[in-house]
Amino acid sequence: MIPEIGHFALIVALMLALIQGVLPIYGAARGNAVLMGVARPVAVGHFVFVAMAFACLAYALLTNDFSVLYVAEHSNSQLPAHYRFAALWGGHEGSLLLWTFLLTVWTVAVTQFSRHLPQEMVARVIGVLGLISVGFLLFMLLTSDPFERLLPAAMNGRDLNPLLQDPGMVIHPPMLYMGYVGFSVAFAFALSALLGGHLDATWARWSRPWTTVAWVFLTLGIALGSGWAYYELGWGGWWFWDPVENASFMPWLAGTALIHSLAVTEKRGAFKSWTVLLAIGAFSLSLMGTFLVRSGVLTSVHAFATDPRRGIFILAFLVVVIGSSLTLFAWRAPKVGLGGKFELVSRESFLLCNNVLLSVAAASVFLGTLYPLFMDALGYGKLSVGPPYFNTVFVPLMVPMVLLMGLGPIARWKKANIPDMWVRVRWAFGASVVIALLLPFVLGKWTPLIALGLLLACWLISSVLLDLRKRMLREGGIKTQSRSYYGMQLAHFGVAIFIIGVTLVKGYETERDVRMAPGDTVAAGGYTFRFDGVRALSGPNYEGKQGRVVVMKNGQPVGQLFPQKRIYDASGMPMTEASIDAGLFRDLYVSLGDAIPNSGGAWAVRVYYKPFVNWIWAGCVLMAMGGVLALSDRRYRIHARKKQETHSTEHTATHEASAAGMTTGSKPA
Amino acid sequence: MKRRQKILAFIVAGVVGLGIAVGLVLYALRGNVSLYFTPTQVFDKQAPTGRNFRIGGLVVDHSLKRERDGLTVHFQVTDTDKTMPVVYTGILPDLFKEGKGVVVEGKLGTDGVFHASQVLAKHDENYMPPEAKEALAEAKKAKAKEAAAKAALAGGK
């Protein structure tokens, strides 16, 4: 009964989404306040019904209702309860439901935090979000119903893929999806600006916090996924340029470009069309990412489905969304205008370079990811594009990008002066060069790439500190700068930390695959690892072997590691669980390969020494924290306070806020 | 700077940047694409020597042999028509199993053995890599054609 209620709730939600997508937009075009007023209540109703469907599927999973196909395929009665819940997004149908659910959550958030916005704008934004939801609900109901029954019911489920039975996997997809879906709000804002033919600094200030929130979630989601791959896949890599990773990385690149371009639009009224185009691009890439992963066109761990009907629907949906928004862009963008003018050397130019580099990077990832698909479709045979391609393209693009990152924040808007800037940064740059050239010798090995990585990181850190110091001294005190300024610097600092992590782990890691009999030792990165053999292991839904490895440094024991090899009962799938001794400056990583037959208990063992690997994720967390700090900026909260003071005079509040936020000399077209 | 010069400068910078990017992408694509072949194609000498490529198929039952060092393994990959000997040093992935699908990347040695640098066997038990699946399908088709040709010959007599 419960699954049928869920199914019915989805149908009702589809009806509501249709109303939400059509009436408010029509009302906004006609200036009809009643129709526009429909937006908020319908959006809330829409949310309630999707939430109901979500709860029904969760209930079916938690109560082991194996008469539901999805439950039978992705869960098992032996599975611990939290993984049964996480199985909700362990498969294709469920993850679509999660997507739609999060979309309605974002929509409700928009209805709650948009009371100071003009009614037409809100109506259009909510309408566009409704239309996106229509697409997803139709997709679910027509091709991928999560509530499909299985008759007769299965005795037990097929179990969740053991790779996904991990705490990281419980939160990684929702985080990533919050990011993907969040860009739909930026997209809706962009479309509503196109529909209204009105785009100014105020618009940019409205859409900025939404974009930043989405970006923060996406950043954390990608970092979580990377961390999960590191400890769960058992071979110690943190980024594989796997199509699935690329699918989440492309929207991140576009989104990063978008938040920078929005900054220019807000402060200077420039880059208007470009900002809109980026918003469309970021969301299209998110959509494509979701579908590429879900449709199974790409060969990868995450591809669950292979059903041609789905493929065709997805293709049609993508064509409709991207096609119609680009058509709208071509038609209305001239009305929106290009925005303010600026000199060749100015902060705008630096941000333009940032945008161009990020977009080119996204395009090159796109090309590398889809190239095999195109070639296969065109009949040139099967091929694969490996990580070396991405590294070859990516590193040269990111080097100028990071060098400019140090200059951008200190350049003036509109017109900057290169000699002045050089005077300001020359010591920082000189010091960075010296450190980058010498530090690798201290660390034990000098290669051009290590020196380059350190140069970029030092340059970034020193330019951040330099700018902070200058602003503290000249403009007096910490309080004078806005939180979004500190947010930016924190995020840039995070990039530097990330670069240090990548450089040092690539430069100084030791990876050894060895045969170890009990009592054997192997050295890696100045540590000695002694293998003490394995013993039997029994878990809630798996059996296996657990090895013991004692780590020593200079004869002193440092710690013990317990890598596992599990065989899951329901699926019979083997799984390697690495054991990691994590630290600020190094990780010690051990995982079990195979038992070597007829050898008296010897195993193939992976022993890794990974210096500074945690800095990679720490850098991502700092970037996300920078985003959060920027979000807490006063100018985003000013609306809320104004609203409380003067209940009905929304317009006054908006005007004052826009006057306060606009810098002098901006020229709205 | 005059307005026209400024626009020109932006355009020139854009074109140069784009040119560099395109060059970079083409250069990287040329060196780092690995083509895919079936064991039959390799047998027919269609695969390049001295260059990385991938083969896919099933791991032949009872073909897995370990050398004394415990890390070097020998096994055979088949598309049911032709069989390819493979040697690999390292730890095999969890889902590598005799009788299951596999994709191997590496170089063809002069000894006719495929020297693998990477063994890919992801996904779950029931999953077959598309490359491996295709290899089997190709071989089946070729066999069917051969059988049809033979039948036609026999009929002609």
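Is the crossing of α6(A) and α7(A) left-handed or right-handed? In this predicted model, the crossing of these two helices is left-handed.

**View 1. Helices α6 and α7 of chain A, side by side.** Here α6 (residues 92-112) and α7 (residues 119-143) pack at an angle of about 165°, and their axes sit 10 Å apart. Angles over 145 degrees count as roughly antiparallel, so that's the label for α6(A) and α7(A).

**View 2. The contact between α6(A) and α7(A), residue by residue.** From α6(A), the contributors include Leu96(A), Leu97(A), Trp99(A), Leu103(A) and Val110(A), along with Thr100(A), Thr104(A), Thr107(A) and Thr111(A). Glu93(A) of α6(A) takes part too. On the α7(A) side, look for Val125(A), Ile126(A), Leu129(A), Ile132(A), Phe136(A), Phe139(A) and Met140(A), among others. Sorted by type, the contact residues come out as 13 nonpolar, five polar and one charged.

**View 3. A cis peptide bond at Pro152(A).** The bond joining Leu151(A) and Pro152(A) is cis, with omega at about -10°. Pro152(A) belongs to the loop between α7 and α8 (167-196) of chain A.

**View 4. Asn64(A), a non-glycine residue with positive phi.** Its phi is near 55°. You'll find Asn64(A) in the loop that runs between α3 (39-62) and α4 (69-74) of chain A. Asn64(A) has 17 other C-beta atoms within 10 Å, so it counts as partly exposed.

**View 5. Phe271(A), not a glycine, also with positive phi.** The value for Phe271(A) is about 60°, and the residue sits in the loop between α10 (243-268) and α11 (272-295) of chain A. Why does Phe271(A) count as buried? There are 25 C-beta neighbours inside 10 Å of Phe271(A), and the cut-off for buried is 20 or more.

Key: Residues are numbered from 1 along each chain as its sequence is written. Chains are lettered from A and ligands numbered from 1 in the order in which they are written. This is a predicted model: local features need pLDDT of at least 70, side-chain atom pairs count only at pLDDT 80 or more; totals for chains, interfaces and linings use all residues. Axes are lines fitted to C-alpha atoms, for helices over the stretch in contact, and angles run from 0 to 180 degrees between N-to-C directions. Helices (H or I, at least four residues) and strands (E, at least two) are DSSP runs, numbered from the N terminus. Angles under 35 degrees count as roughly parallel, over 145 as roughly antiparallel, 65 to 115 as roughly perpendicular and the rest as oblique. A crossing is left-handed if the near helix is turned anticlockwise from the far one by less than a right angle, and right-handed if clockwise. Two residues are in contact if their C-beta atoms, placed from the backbone, lie within 7 Å. Ala, Val, Leu, Ile, Met, Phe, Trp, Tyr, Cys and Pro count as nonpolar, Asp, Glu, Lys and Arg as charged, and the others, Gly among them, as polar. A residue is buried if 20 or more other C-beta atoms lie within 10 Å of its own, exposed if 12 or fewer, and partly exposed in between; C-beta atoms are placed from the backbone.
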